[in-house]
Amino acid sequence: MANKLVLIDGNSIAYRAFFALPLLSNEKGIHTNAIYGFTMILMRILEEEQPTHMLVAFDAGKTTFRHKTYGEYKGGRQKTPPELSEQFSFLRELLDAFNIKRYELENYEADDIIGTLARQAAKEDFEVKVISGDKDLTQLATEKITVDITKKGITDVDSYTPAFIEEKYGLNVNQIIDMKGLMGDSSDNIPGVPGVGEKTAIKLLKEFGTIETLLESIDKVSGKKLKEKLEENKEQAIMSKDLATIMTEAPIEVTVSDLLYEGYDTKNVIAIFKELSFNSLLDKLGESGEDVTEDLEEISFEVLEEIKEEHFANDNFLMVEVLDENYHKAEIQGIALVNEKGNYFIPTEAALKSDQFAAFASDLTKKKSVFDAKRAIVALKWQGIELNGIDFDFIIASYIVNPSETSTDLAEIARKKGYFQIETDEAVYGKGAKRSIPDQEIVAKHLVRKTFAMQEMKESFIHELKDNEQLKLFEELEMPLSLVLTEMEALGIQVDRNRLEDMGEDLSNKLVKIEEKIYELAGETFNINSPKQLGVILFEKLGLPTVKKTKTGYSTSADVLEKLAEKHEIIQQILHYRQLGKLKSTYIEGLLKVIHRDTNKIHTRFNQALTQTGRLSSIDPNLQNIPIRLEEGRKIREAFIPSKEDWIIFAADYSQIELRVLAHIANDEKLIEAFNENADIHTKTAMDVFHVSKEEVTSNMRRQAKAVNFGIVYGISDYGLSQSLGITRKDAKTFIDRYLESFPGVKAYMEESVMDAKDKGYVTTLLHRRRYLPEITSSNFNLRSFAERTAMNTPIQGSAADIIKKAMIDMAAKLEEENMQANLLLQVHDELVFEAPKDEIEKLKKIVPEVMEQAVDLKVPLKVDYSYGSTWYDAK
DNA sequence: AATAGTCAAA
DNA sequence: TAGCGGTTGACTATTT
């Protein structure tokens, strides 16, 4: 079969695709329309042309040899839109995935590369196809070379052959450059001869052949004006022709034979399609993308029954496999180690009894990269092995680069990075009831694969962190924090089991009484906890008016019931029943269930890679939502006690940290002033919004101002504010507008933040945390509005999260430095909870506020309040 | 096993 | 013109 070379003008096709398609974007907010269009064209060509050789040529740099001839060449061109520029790096990745060669050459344009290669290939008897959106390329057409120029859309092309050109213009191919020289080209800023367009150019060339012969016999040109113009612009015409002429002898370093195209690797293509969210193209590949792991390459490894120093290196990739979601006191399935010495699987028993392994694990100078550092450290800690020297956690790196990546499976993260030699844990171990531990050999293979994948991905993550200016955030904030959190989780918090049980007993008695009362009022017994049954009783049997409906029936939520409280005695009882029921099931029984048998401690886990704002979350149990607002619930905190006698619980919280952060990043004079004066911020807000003096602020004004401030912190809408204040949406909107008029700096910040998100696709916090907001350009009002509020809110909440994280690290260091016994136990978003011996109280009173307030330096002071007592309840 | 409704916290 | 209207985790009931 004859050789066939396809040459694509990369920049030109990308431009065409970009302008032909609406702005699409993937979940990271990277625009993808140009890449998408390019891919469609690419796939069509591969199918229709079946090329044996292929190349995509790109323009390199800003200037070319043509600029020497004519400084204004391509002058006045609109800057490439940033939405397009950002797509080029992905385009290159895409071509690599397709195994298609790409090439660019300093000083030359894509045209010249294509021209040179096209001529070479034609000489070697190739059939050549050129694809571009730029008609200049048509000058290359010969019997061997066909030039496809895209028409309006992206799928339609005109195929320029010598015959087609003859028919279209009545000129031969060689005259294309003469035509261009006469006409000029506004897009390349080639001047040509003023007043000469396509029609005149063709007419002249038909008569005279070339520009040169035309200029020699200008006398014969008919038309006085035209003659004058030609006379005046002789040199310009020659130069224009020169500029338009494609260089077919560019000093390229590739030869036609280098361009061999042997098809693409579906796996790689699927990977990049997934990264770009090209779901329809994935379908086209005939792959749902699910079963791409069928034929994994074997990775050789050694099973180490005996571990020796020769197996350890200075840089290691380590996987401590713990299948139990809750890694406290959980079983370890095995350990994999990958480093320059080799790939190893270490059976758990072998590792646990090995002094050598323990020495390696605890050695700070033996650096380890892991997936889920807290899991590895805590699991080993429960087995008596100290794990130190972890300086890279992929779960955190992935989260920092993009917090919307919340996958806890290494395979999923690897696949997003285009690495496929790995299976998901679910595929290997099964899920739910079907979860089982396969033979050690299978576990070993899987672990080594996962560990090997880490090694393959590390560079790429570091590169990405650097590009995002997030390396510091990763190395100096999140990685050290994970170690602080590990200590907190492993230490746990002491709980007074008897206190909880007594409270539970008390609640049970109360609940029985309320239950009886409810049944009496309802005239029958039913399950009060069933919204469905309760709905029937309230809205059908008792005929109360329905306020709100849910998907499945009547809403019985607290805000609905509160509106009905006047109408029937039963409502109060139900609300009270709910309140106590919540305490009993979630807090009494829930907490009792997770108390560690032997120590009476609770070990929560902090999820460090989940929230979109950078906050932590707490699970199993959630210790960040222990009741406080209502006294009955607050009592639960009496059960949280110090772990030693004569110790106390010490709690410190930031006062108004989010609003202080707002004052700082918005640089709002009035807000800054309020905080510098240490004013009551809600009262101050009320004064400014209602234009009254401090004395004139009523409690209602302050309440409303507080609600607005709350809204700012949590990014609620006018609807949200109207709900919390019980006013109309319109009034709420007016209220917000007045707030923004009162704080012009805040208003400007809000607007800039949204603009910024639209412009860059993401927002950032004080310490460079990112959140991508692709939906900010959505035409869907809801999605867009949410993204806009998020753009305003995330830098505030996220920066506050950054600050307390920094404070935690500083605090841990300070306690160590001061040789104190106090322990950090919990973080509750703006609050740190410690336990400490009584005789450290005075010192804590000094250093805790000091460290927390100095965590970062803002334009306003940070303020920390603290308290302590014999239980968490008493630390108020 | 998954989903819906509810409610606790910052 | 509405649209839908902060997050996270855990519980119970209910459906699949």
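Keep in mind that the model is predicted. Chain A is divided into four pieces: domain 1 (4–168 + 247–259), domain 2 (302–492), domain 3 (498–602) and domain 4 (669–742).

**Domains and annotation**
- Between the C-alpha centres of domain 1 and domain 2 there are 44 Å.
- An unreviewed UniProt entry lists residues 301–466 as "domain: 3'-5' exonuclease".

- Strands of a sheet pair through backbone hydrogen bonds.
- Here, 3 strands in the order β14-β13-β17 form an open sheet with antiparallel pairing.
- Because β14 (601–602) and β17 (640–641) stand at the edges with a single partner strand each, one side of each has no neighbour in the sheet.
- Strand β13 (residues 493–495) joins β17 over 2 bridges, and V495 has F640 in β17 as its bridge partner.

**Around DNA strand C**
- Among the 28 residues around DNA strand C, the nearest are S530, S617, D620, Y719 and R729.
- Of the DNA strand C atoms within 4 Å of the protein, 61% belong to sugar and phosphate.
- Phosphate oxygens of DNA strand C lie 2.5 Å from a side-chain N or O atom of S617 and 3.0 Å from a polar side-chain atom of K532.
- The side chain of N622 has an N or O atom 3.1 Å from a sugar or linking oxygen of DNA strand C.
- Elements giving two or more residues to this surface are α23 (531–541), α25 (569–593), β16 (617–619) and α34 (781–817).
- By class, the surface near DNA strand C holds 15 polar, 8 nonpolar and 5 charged residues.

Technical notes
Residues are numbered from 1 along each chain as its sequence is written. Chains are lettered from A and ligands numbered from 1 in the order in which they are written. This is a predicted model: local features need pLDDT of at least 70, side-chain atom pairs count only at pLDDT 80 or more; totals for chains, interfaces and linings use all residues. Side-chain values use heavy atoms; hydrogens and water are left out. Two strands pair if DSSP finds at least two bridges between them. Helices (H or I, at least four residues) and strands (E, at least two) are DSSP runs, numbered from the N terminus. Domain bounds come from an automatic or database domain assignment. UniProt positions are given in the numbering used here, feature names are shortened, and annotations may be inferred rather than shown by experiment. A residue is near a molecule or strand if one of its heavy atoms lies within 4 Å of it. A polar contact is a pair of N or O atoms within 3.5 Å; within protein, one must be able to donate a hydrogen and the other to accept it, and residues adjacent in sequence count only if both atoms are side-chain atoms. Ala, Val, Leu, Ile, Met, Phe, Trp, Tyr, Cys and Pro count as nonpolar, Asp, Glu, Lys and Arg as charged, and the others, Gly among them, as polar.
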